[in-house]
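Have your viewer ready, and try each task before reading on.

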Amino acid sequence: MAFKVGDKHEAVVIENVVRTHIVKYAGASGDFNPLHHDDTAAKGLAGYPSVFAHGMLSMGLTGRMVTDWLGKGNLKKYGVRFTKQVWPGDTLTAKGEVTNVADAGNGKQLVTVKLVTVNQAGESVVEGEAVAEV
Amino acid sequence: MADSFEFPVDRTQVMLFARSLLDINPVYWDPNAPETKALGGIIVPPTFVQSSAHWQPDYPLDLTRPRQGPPPPHRGDNGGGGLGRGLHAEQHYEYHHPIHVGDTLTVTSRPGERWEKEGRRGGKLLFSESITEYRNQDGVLCVTARSIGVQTERAVDQ
């Protein structure tokens with residue numbers, strides 16, 4: 001499949017975040033920062049209204065959209081900024097748009113995509129870019 | 001962080017990590033799937049190297065990990081976020097060579113730049129960068145990760 005500048009793809013990557021999603025990511029990643037699983041600590045220690053998801057959960061979920069779209073095992077670069085926290089109850093949609101296509105020199109395309117993942121209010125939670133050899 | 005440590009890439013860990021990202025693609029768990037075989041075996045999700053935290057001896061964000069000796073100090077300035085006011089600001093990966101189940105990665109980290117900025121949402125912001133390299137058992141560089149953490153003066157307004 002040939003990609004061209006302007007091609008777009010989007011996917012709902014998680015619907016209705018619950019604490020179990022966050023806890024499962026904590027266990028898998030090893031990041032047991034209490035802010036992500038202990039409401040008492042999140043409220044008392046840091047003044048947040050509740051626990052919130054790891055930024056890396058949002059990045060991982062966004063990465064799933066990218067690899068579903070551009071293919072598994074062919075990423076060259078993937079980077080994001082975390083722009084807003086993700087809270088229990090949120091639903092995230094990851095969106096990508098091809099911004100550059102170059103010749104990889106081996107019969108493949110080097111495809112650059114701009115990424116933004118938004119919550120149910122349309123606010124971006126992750127913004128970034130990925131490059132894949134497709 | 002310790003100078004370097006070993007991180008064995010285990011099939012169950014890869015399956016659990018992919019599952020936590022709601023990704024059930026067989027390339028992350030089924031060695032017999034045609035798409036897995038085409039990739040030379042089970043591969044790992046793009047952010048999988050984060051789970052090297054389990055093997056990092058002085059990893060600070062696991063207060064209940066059983067340890068010999070005292071727990072590591074709360075630095076709160078690592079790219080993983082930090083306790084309390086620490087947040088993860090950015091994460092960047094460069095992929096140089098595939099990682100497969102069965103690999104043993106050697107993980108080496110070094111601090112990067114530090115800088116300050118006046119924030120809109122949380123007062124003064126202190127940024128710090130850390131760069132981590134993951135090399136396989138043949139010494140081949142597989143992934144370079146650049147993580148940027150931020151410390152805020154107060155909880156981020158929502």
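**Exercise 1.** How many residues lie between E3(A) and E4(A) in their hairpin, and which residue in the turn has a positive phi?

*Solution.* Before starting, note that this is a predicted model, where local features need pLDDT of at least 70, side-chain atom pairs count only at pLDDT 80 or more, and totals for chains, interfaces and linings use all residues. Residues are numbered from 1 along each chain as written, chains are lettered from A in the order in which they are written, and side-chain values use heavy atoms, with hydrogens and water left out.

Step 1: find the elements. Helices (H or I, at least four residues) and strands (E, at least two) are DSSP runs, numbered from the N terminus. Chain A has 3 helices and 5 strands, in the order β-α-α-α-β-β-β-β from the N terminus on.

Step 2: look at the turn. The hairpin of E3(A) and E4(A) has 5 residues between the strands, and Gly105(A) in the turn shows a positive phi of about 85°.

Step 3: check the pairing (two strands pair if DSSP finds at least two bridges between them). E3(A) and E4(A), the latter covering residues 109–118, are antiparallel over 10 bridges. Within this pair, Ala94(A) stands opposite Thr117(A).

**Exercise 2.** Which strand of chain A is joined to E3 by 6 bridges?

*Solution.* Strand E1 (residues 8–14) of chain A runs antiparallel to E3 (residues 92–103) and is joined to that strand by 6 bridges. For a landmark, pick Glu10(A), which stands opposite Lys95(A) in E3(A).

**Exercise 3.** Describe the contact between the two chains.

*Solution.* Step 1: count residues. With contact meaning heavy atoms within 4.5 Å, chain B gives 41 residues and chain A gives 40 residues.

Step 1: take the area. About 3300 Å² is buried between chain B and chain A, with 59% of this from carbon and sulfur atoms; buried area is the accessible area (1.4 Å probe) that two parts lose on being put together, summed over both.

Step 2: look for charge pairs. A salt bridge needs a side-chain nitrogen of Lys or Arg within 4 Å of a carboxyl oxygen of Asp or Glu. Between chain B and chain A the count is 1 salt bridge, and Asp23(B) and Lys72(A) meet in a salt bridge at 3.7 Å, N to O.

Step 3: ask which elements of chain B take part. Helix H1 (11–20) and strand E2 (86–95) of chain B each supply at least two residues of the side that touches chain A, and E2(B) gives the most, with 10 residues.

Step 4: follow E2(B) across the boundary. Strand E2 (residues 75–82) of chain A pairs with E2(B) in the antiparallel sense over 5 bridges. There Arg81(A) stands opposite Glu90(B).

**Exercise 4.** Which residue forms a salt bridge with Arg81(A), and what is the distance between the closest N and O atoms?

*Solution.* The partner is Glu127(A), with the closest N and O atoms 2.8 Å apart. This pair links distant parts of the chain, since Glu127(A) lies in strand E5 (residues 124–133) and Arg81(A) in strand E2 of chain A, 46 residues apart. Over all chains, the count comes to 10 salt bridges.

**Exercise 5.** Which residues does Gly128(A) touch, not counting those up to four places away in sequence?

*Solution.* Start in strand E5 of chain A, the place of Gly128(A). With that sequence exclusion, Gly128(A) touches Gly79(A), Val80(A), Val113(A), Lys114(A) and Leu115(A). As a distance check, Gly128(A) and Thr62(A) are 66 residues apart in sequence and 9.7 Å apart in space, C-alpha to C-alpha.
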